[in-house]
Amino acid sequence: MSIVVTGATGSLGRLVVEELLAKVPADRLAVVVRNEAKAADLAARGIEVRVADYDDPASLAGAFRAGDRVLLISGSEVGRRVPQHTAVIKAAEAAGVAQLAYTGILGGPEADFELAAEHKVTEQAILDSGLPHTFLRNGWYHENYTAQLASVLEHGAVLGSAGEGRIASAARADYAAAAAEVLTGEGHLNRVYELSGDTAWSLAEYAAEVARQSGREVAYAALPADAHLAALTGAGVPEGFAAILVDVDAAISRGRLAGTGGDLARLIGRPTTPVADAIGAVLAG
């Protein structure tokens, strides 16, 4: 039996692997990756590398073994994730894995925005499979915002159409620690965790914190949805994805990403990382 992480060379996957290495020996771990070369460093550390592609169901036939504990990290290609995830679920079912954990989205079936649609279908497919499962419904990442700090400082503005809505985000590393806990601990089968940060904040508060730490003038530019869409496409964001981001801001305005139920802090055994710390880390370079 191995603990298996799919998508292990991605931003979240690598953090999960590091968290797992702090808990179990490398020879208990396996990773499923599309590009073997990108996992060479993991192989060098004694982790088994299994090559498979979400888009190639046949390749997934050898990705899992009976009794494996598997983390399905959701694919990054919006619009293609349902067939990709379904292929993984079927392969896991055929192999007889002992646990299939899945990184979904905060709110699960109650999430009423476009980005949640594929996650809801995936969760239902996992339920239909009958596999022992764990749903990790991840809220927003700090990094969704801090990755844009250079542009924010250049223009002196945080653009958005979320109004005064609040966001209970956490660091990607916090979510990775939660995933490692449910893969190595007990009592997590057939459980659902709504994962979010301890504190919710508004985009105006975020802009003020960036201004405070940077010593620069930064403000929240609250835009109507159509103007927000135009700003994103004008900055080179593909129109389809820009529309999804605007739709997320509408969900934020409705409070859909504001929940602070505490599941994440309880799983990782510590407070979640404050957004101010994430800002400071990026500004410190």
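## Ser-202

Ser-202 lies in strand E10 (residues 201-202); helices (H or I, at least four residues) and strands (E, at least two) are DSSP runs numbered from the N terminus. With a relative accessibility of 7%, Ser-202 is classed as buried (under 20% relative accessible area, with exposed over 50% and partly exposed in between, for a 1.4 Å probe and protein chains only). Apart from neighbours within four places in sequence, Ser-202 is in contact (heavy atoms within 4.5 Å) with Glu-164, Gly-165 and Arg-166.

## Basis of the model

This is a predicted model, in which local features need pLDDT of at least 70 and side-chain atom pairs count only at pLDDT 80 or more, while totals for chains, interfaces and linings use all residues. Residues are numbered from 1 along each chain as its sequence is written, and side-chain values use heavy atoms, with hydrogens and water left out.

## Nonpolar cores

A nonpolar core is a set of buried Ala, Val, Leu, Ile, Met, Phe, Trp, Tyr and Cys residues joined through side-chain atoms within 4.5 Å. The largest one has 34 residues, of which Val-5, Val-16, Leu-20, Leu-71, Leu-136 and Leu-195 touch the most other members. At least two residues each are supplied by strand E1 (3-6), helix H1 (11-21), strand E2 (29-33), helix H7 (172-184), strand E9 (191-195) and helix H11 (263-268). H7 gives the largest share, eight residues.

Beyond neighbours within four places in sequence, the contacts of Leu-195 include Leu-106, Leu-136, Tyr-175, Ala-178, Leu-264 and Leu-267. A second, separate core of 29 residues includes Val-152, Leu-153, Ile-244 and Val-275.

## Helices H9 and H10

Helix H9 (residues 225-234) packs against helix H10 (residues 239-253) at an angle of about 140 degrees, with the axes 9 Å apart. Axes are lines fitted to C-alpha atoms, for helices over the stretch in contact, and angles run from 0 to 180 degrees between N-to-C directions. The two helices are therefore oblique to each other (under 35 degrees is roughly parallel, over 145 roughly antiparallel, 65 to 115 roughly perpendicular and the rest oblique).

From H9, the contact uses Ala-225, His-228, Leu-229, Leu-232 and Thr-233; among the H10 residues are Glu-239, Leu-245 and Asp-249.

## Helices H3 and H4

Helix H3 (residues 81-95) and helix H4 (residues 117-129) have axes that come within 10 Å and cross at roughly 20 degrees. H3 is therefore roughly parallel to H4. Arg-81, Val-82, His-85, Ile-89 and Glu-93 of H3 meet H4 residues including Glu-118, Val-121 and Ile-126.
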